[in-house]
Each structure stands twice: as C-alpha cells, then as structure tokens.
Amino acid sequence: QSTPQLFSKSAVESDGARLFTHAVFEEFQEEYKCSTNTLTSRGFSESNNMELNTVKDALRNRNFIAQYNPGTLESSCTCKLFERRGVPCRHILWIYLGNGLEKIPESSFAKRWTKDALRDIKSNHKGCVGVGDVDIIDKKQIEMTKLWSEVHETMGVLIGREKEHVEDLCKLIKEFKEKLLPSVPAMTKHQELEELLGCATNNEITILPPKISKNKGSGKRMLSNKAKAVACARKRKRMCNNCKQMAHHDKRNCPNPFVERPPQNVDDEEE
C-alpha cells in the first residue's frame with residue numbers, strides 16, 4: 001500500500017500511517033488534527049503512578065479525563081473511543097504529543113486495523129482460521145497450530161508421490177484415531193459451543209416482559225353489533241327535527257334525510 005498524505009511532520013502521525021490501513025488512518029488522522037487544534041488542559045494530578053489529565057474539548061464543549069502511565073505507556077480516556085473503534089482518541093494523542101512520544105504504544109491500537117493483521121493468521125484445531133496473538137493463546141492451541149502446519153506440509157509433499165504413500169498415511173491416521181477415541185469422552189453441544197466461542201456460556205437467560213406502550217385509543221375493546229344495539233336501546237329517545245319522530249338520532253344523522261313534508265301556505269308564512 002502507498003503511504004497516505006500526512007497532515008504534519010509529527011512522528012506520531014507518521015507511525016499511524018505506517019501501522020493502520022488507509023480507511024482506519026483517515027479516522028486516526030482526524031483525531032490527530034483535533035488533538036493539535038481543539039484541546040486545552042483544565043487540570044493535572046497523579047495517583048498510583050498514573051497521570052490524570054483533564055482535557056477540555058472545544059468541539060464537544062465538555063471535559064474528558066485521560067489517564068496515562070509513563071512507565072508502561074498504558075492509557076485510557078473517559079470518551080471510550082478506543083473501546084468502541086480500536087483507535088486512540090484525540091485526548092490520548094494530546095498526551096502523547098505532550099510527553100514527546102514518537103511511536104504509538106501497542107496497547108493503544110487494535111491489531112485488526114493494522115496492515116500486518118493478516119501476517120498472524122493461525123488455524124485452530126477445528127480448522128477455522130482467525131487472527132490470533134501469541135501472547136494470549138494457550139500452549140495447547142500453539143501446539144495445535146504447529147500440528148496443522150505439519151499436516152499441510154505433509155499433504156504438499158504427498159502431491160505427485162505414489163499411491164502407497166498416501167495409503168500408509170491414511171492407515172496411520174486411522175490407527176491413531178481408533179486409539180484416541182475411546183479415551184476421549186464425547187462432547188455435548190453445549191461444550192462444543194463453548195469451545196468454538198472460546199468462553200463459557202450463560203446457562204440462565206432472563207427474558208423480561210416487553211414494555212407496555214399506551215397510545216391514543218389503546219386498551220379499548222371493540223364492541224359487537226349486539227353490544228352496540230343494547231347500549232343504544234338504553235339511551236333516552238329524543239325528537240328528530242327532520243323526520244319528526246322520537247328516536248335515538250337527530251337531524252344530523254337521521255336515516256331518512258329526504259322526508260316529504262306537506263307544502264306550507266304562502267299566506268301562513270306572511271302571517
């Protein structure tokens with residue numbers, strides 16, 4: 001990959017361009033620009049070999065507390081950008097620049113976002129491929145990785161060889177499998193899931209009832225035609241000005257809007 005364009009001549013930014021991929025470096029470079037332009041110090045203290053820096057962020061108009069250990073170069077910030085994105089935040093970079101660091105500590109970036117992430121791909125004993133860190137892999141998994149490397153190398157050697165060599169290898173694998181299976185207890189689906197995930201699963205799952213939302217009209221039961229008729233019969237009848245009958249309707253909702261009325265005499269109107 002080509003080297004991206006740098007914002008300054010800082011060694012920290014150059015180290016970020018060397019470490020991160022282009023997409024992640026754009027986010028890192030934006031944090032670096034903000035660390036040089038929008039931050040000011042609001043306080044400093046020390047506690048248990050940790051430097052506590054209160055940093056004012058002008059863009060967000062709030063204060064953040066950034067912790068830094070000069071001995072181990074470990075750092076953390078209350079903005080939690082590193083925990084969410086795996087990239088050091090502007091407040092941590094501000095501390096690095098203030099302490100004159102020229103390289104980003106390994107504890108301040110996620111290895112999955114670096115250009116060298118694919119170089120440490122390892123196969124586990126399930127045949128799955130994943131990115132692993134040698135420091136956190138147990139000895140058994142390291143031995144399994146070596147075993148898979150030997151298997152792949154052996155299969156490469158067998159290509160082009162005679163059929164008898166392949167049959168001899170299959171025979172050895174079957175004999176070892178028959179010897180091993182009686183001593184290995186069968187794994188349950190729960191145990192296989194835990195081994196695949198690499199962590200213990202929770203046996204108790206608590207499902208809470210959903211929140212009841214009260215909207216306009218909710219909670220009212222729709223009445224049947226019979227219930228509507230019974231409720232209507234209980235009402236007091238009144239005179240309709242349209243049909244001139246005692247009923248449960250008025251002139252606005254009269255079922256006979258066009259009722260023939262006797263013609264009125266003109267003389268009666270004049271009177």
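Author: Contact here means heavy atoms within 4.5 Å. Keep that in mind as we walk through this predicted model.

Reader: Happy to. Which residues does S35 touch, not counting residues up to four places away in sequence?

Author: Beyond that range, S35 is in contact with R90, L93, W94 and L97. S35 belongs to helix α2.

Reader: Is S35 buried or exposed?

Author: The general idea is a cut-off: a residue is buried when its relative accessible area is under 20%, exposed when over 50%, and partly exposed in between. S35 has 4% relative accessibility, so S35 counts as buried.

Reader: Its side chain is polar, I take it. Which backbone oxygen lies 2.5 Å from a polar atom of the side chain of S35?

Author: The backbone oxygen of Y32. Turn to T36, also a residue of helix α2. There a side chain reaches a backbone oxygen too: that of K33, at 2.8 Å from the T36 side chain.

Reader: And how does T36 count, as buried, partly exposed or exposed?

Author: Its relative accessibility is 37%, so T36 counts as partly exposed. Once neighbours within four places in sequence are set aside, T36 is in contact with F7 and L97.

Reader: Let's move on to T38. Where is T38 found?

Author: T38 sits in the loop between α2 and β1 (39-47). With 15% relative accessibility, T38 counts as buried. A polar atom of the T38 side chain lies 2.7 Å from the backbone oxygen of C34. Leaving out neighbours within four places in sequence, T38 has contacts with K56, D57, A58 and L59.

Reader: Now for helix pairs. At what angle do helix α1 and helix α2 pack?

Author: Angles over 145 degrees count as roughly antiparallel. Helix α1 (residues 11-19) and helix α2 (residues 22-37) pack at about 170°, and their axes are 10 Å apart. The two helices are therefore roughly antiparallel to each other. The crossing of α1 past α2 is right-handed.

Reader: Which residues in α1 and α2 meet?

Author: From α1 come V12, E13, G16 and A17, and from α2 come F25, F28, Q29 and Y32. Sorted by class, this contact has five nonpolar, two polar and one charged residues.

Reader: Which residues of α1 are buried?

Author: V12, E13, D15, G16, A17 and L19. The buried residues of α1 pack against α2 and also against α4 (90-99). Look at the start of α1 as well: a side-chain oxygen of S10 comes to within 3.3 Å of the backbone nitrogen of V12.

Reader: Let me try the next pair. How far apart are the axes of helix α5 and helix α6?

Author: Helix α5 (residues 139-158) and helix α6 (residues 163-180) have axes 10 Å apart and pack at an angle of about 155°. That angle makes α5 roughly antiparallel to α6. T154, M155 and L158 of α5 make the contact with H165, V166 and L169 of α6. By class, the residues of that contact are four nonpolar, two polar and no charged.

Reader: What about backbone angles? What is phi of N61?

Author: N61 has a positive phi of about 55°, although N61 is not a glycine. Its place is the loop between β2 (50-57) and β3 (62-68). At 59% relative accessibility, N61 counts as exposed. L73 is another residue other than glycine with a positive phi, near 65°. L73 lies in the loop between β3 and β4 (75-77). With a relative accessibility of 30%, L73 counts as partly exposed.

Reader: To finish, how many helices and strands does the chain have?

Author: Nine helices and eight strands. Of its 271 residues, 22% count as buried, and S35, where we began, counts as buried too, at 4% relative accessibility.

Notes:
Residues numbered from 1 in each chain as written. Predicted model: local features only at pLDDT ≥ 70, side-chain atom pairs only at ≥ 80, totals over all residues. Heavy atoms only, no water. Axes fitted to C-alpha atoms, helices over the stretch in contact; angles between N-to-C directions. Helix = DSSP H or I, 4+ residues; strand = E, 2+ residues; numbered from the N terminus. Parallel < 35°, antiparallel > 145°, perpendicular 65-115°, else oblique. Left-handed = near helix turned anticlockwise from the far one by under 90°. Nonpolar A, V, L, I, M, F, W, Y, C, P; charged D, E, K, R; others polar. Buried < 20%, exposed > 50% of the residue type's maximum accessible area, 1.4 Å probe, protein only. Polar contact = N/O pair within 3.5 Å; in protein donor to acceptor, adjacent residues only side chain to side chain.
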